[in-house]
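Please read it alongside the sequence and the coordinates shown here.

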Amino acid sequence: MGRKSNAKKQRKESNYSSISSHKRQGKKLIPPIQQISNLKKLSWSNDTLPEYIWLSLIVSLNERDQSLKLLERISEYFGGIEDEKRPIDLKLSNLAKIEESTLERFIEFVCLHLGLKEGLQPLLLFENLPGKSTWERHLSIQEPNEEWEKLFLSVAKCLDHQSQESTDCRWICLHYMMVCDQLHVPSELFESLANYPDKEESELKMIRGMIRSMEIAMRTTAQFFTGEESVASSTWSTLFWEQGLKDTPCMIMDLGKEINQHTFVEYANYEKVISALKKHFHNTVATTEINAKHDGVFGLSLYCLELLGELLDSNNNTSILGRLGLRTIAECFITLAYLTTKDDESIWNMYRLYGSGQAKLAFLKLDEIQNKPKYINVNTLEALAGEDQWGEYVEINLGHWENTNLRKMSEEANVKDVYNTFYDWTSGFAHGQWAAVRNSSFVTCDNPMHRLHRIPKPQKSEFNDVTEDAKNLCNKILDLVSNVYPKFTYRIE
Ligand SMILES: [Zn+2]
């Protein structure tokens, strides 16, 4: 089986949509799910879990068989009382809305008869627990840290809306609606839901998926009909997470350092190649006149080898700067591949003239600035701008030098694979785009009560080593040198 069909197979089994399944709208690629109009986004962990945290404590702190039986008894308890006395669902906020005496009896049933007092104690940690005064009469806290531990465990198990524990909580919500005659389903569906606790593992996968989609449909519909924003932004949910942040510390258990496979380039080998390249320059130089092609080929290749040398130095290969270096080497390779594919004297000159114009533009801007920066000498810029011809003759091109872009150049030079492989992600680092910033500066906090938020990395990032990729690109550049000025056989090993 070829590499292409392997890739195809891999895609088929992956759970993300390919680029081609996205729909192009202007300059945006819209993923398939976003193509559904009026899509409402509900978050299980942010908005719903705090409402069901008591159910989550039950399913997380007990054996599964036992916890499902307990949940059924809770649901059936309400089935046995009059319609108007029941809560509309099992959310903590809605439980707190029922008549106080009914809530009192229910909490007593749960704590005493079902023996859930110890497991539900963590609820009292919350200043704003809905119905707190009633819960308080049946629960008490001795050791707050022990109660937080129970919450950490149960939130960790239920943060993922698809986990077994979350699905069990979502199942009892549907069960409750059936018991209270609010949900009518075909008989085979009824059977699956009613007998969910006794289902074999082989059947469970399908039933779990069905439970999740029905539960979310019920939530969305409830929100639609009540017109409330009860699900999306219940005050209790917000306060629940706020208190978690206030009362519990950030945790970093495992820094999860990526296993970094290093490529070693011997400095002696690197030196040998770069000095051979300089020698090859002298062997092939035919004139002291301006030769945009000869200067361009050797200039770009020497520039990339310089960069590679810097990447080999002082851990730059695993740094943010390493990514910037790799991006520049890729860009230089594409530029050189384009220039050598076209091999047109006017295009070689255009590349060179554009650079002089950019130096002139930078010089003119800096010349007007009082406080000169330290990274460049303005006189150097002026000299560079006017090296080939008197500066006054130099035009400034405000667009791309070839009136195109790097992607199109890579297509024309038949090196689109290099563009696709090296350009997008490294550009994120060069432009300080969010994903690169997040990847470099933050780690995920392991405190479940903090909802997997991001906190600053305690140590400097160590990314994957760029040496192997940078080295291979440099060798591709040396292939181009050898094609244009044969024969150059040295490569970085
Ligand atoms: Zn945290």
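The structure holds 23 aromatic pairs, where rings of Phe, Tyr and Trp (its six-membered ring) pair if their centres lie within 6.5 Å, and where planes under 30 degrees apart count as stacked, over 60 as edge-to-face and the rest as tilted. This is a predicted model, in which local features need pLDDT of at least 70 and side-chain atom pairs count only at pLDDT 80 or more, while totals for chains, interfaces and linings use all residues. Residues are numbered from 1 along each chain as its sequence is written, and side-chain values use heavy atoms, with hydrogens and water left out.

**Aromatic rings**

- The rings of Phe126 and Phe240 are stacked, because their centres are 4.7 Å apart and their planes lie at 20°.
- Phe126 sits in the loop between α7 and α8 and Phe240 in helix α13 (residues 235–247), so the pair ties together parts that are 114 residues apart in sequence; helices (H or I, at least four residues) are DSSP runs, numbered from the N terminus.
- Phe126 is buried, with a relative accessible area of 1%, and Phe240 is buried at 0%, where buried means under 20% relative accessible area, exposed over 50% and partly exposed in between (1.4 Å probe, protein chains only).
- One aromatic cluster is formed by Trp54, Tyr77, Phe78, Phe106, Phe109, Trp135 and Tyr176.

**Helix α6**

- Helix α6 (residues 100–113) has 14 residues and spans 19 Å from its first C-alpha to its last, close to the 20 Å expected at 1.5 Å a residue, the expected span being 1.5 Å times one less than the number of residues.
- Among the buried residues of α6 are Phe106 and Phe109, along with Leu103, Ile107 and Val110.
- The buried residues of α6 pack against α3 (53–61), α4 (64–79), α5 (92–95), α7 (117–120) and α8 (132–136), with contact meaning heavy atoms within 4.5 Å.
- Gly115, which follows α6, has a positive phi, near 65°.

**Helices α14 and α15**

- The axes of α14 (residues 267–284) and α15 (residues 292–312) come within 11 Å and cross at roughly 170°, with axes being lines fitted to C-alpha atoms, for helices over the stretch in contact, and angles running from 0 to 180 degrees between N-to-C directions.
- That crossing makes α14 roughly antiparallel to α15, a term for angles over 145 degrees.
- Residues of α14 including Tyr270, Ile274 and Phe281 meet residues of α15 including Phe298, Leu305 and Leu312.

Conventions. Helix = DSSP H or I, 4+ residues; strand = E, 2+ residues; numbered from the N terminus. Parallel < 35°, antiparallel > 145°, perpendicular 65-115°, else oblique.
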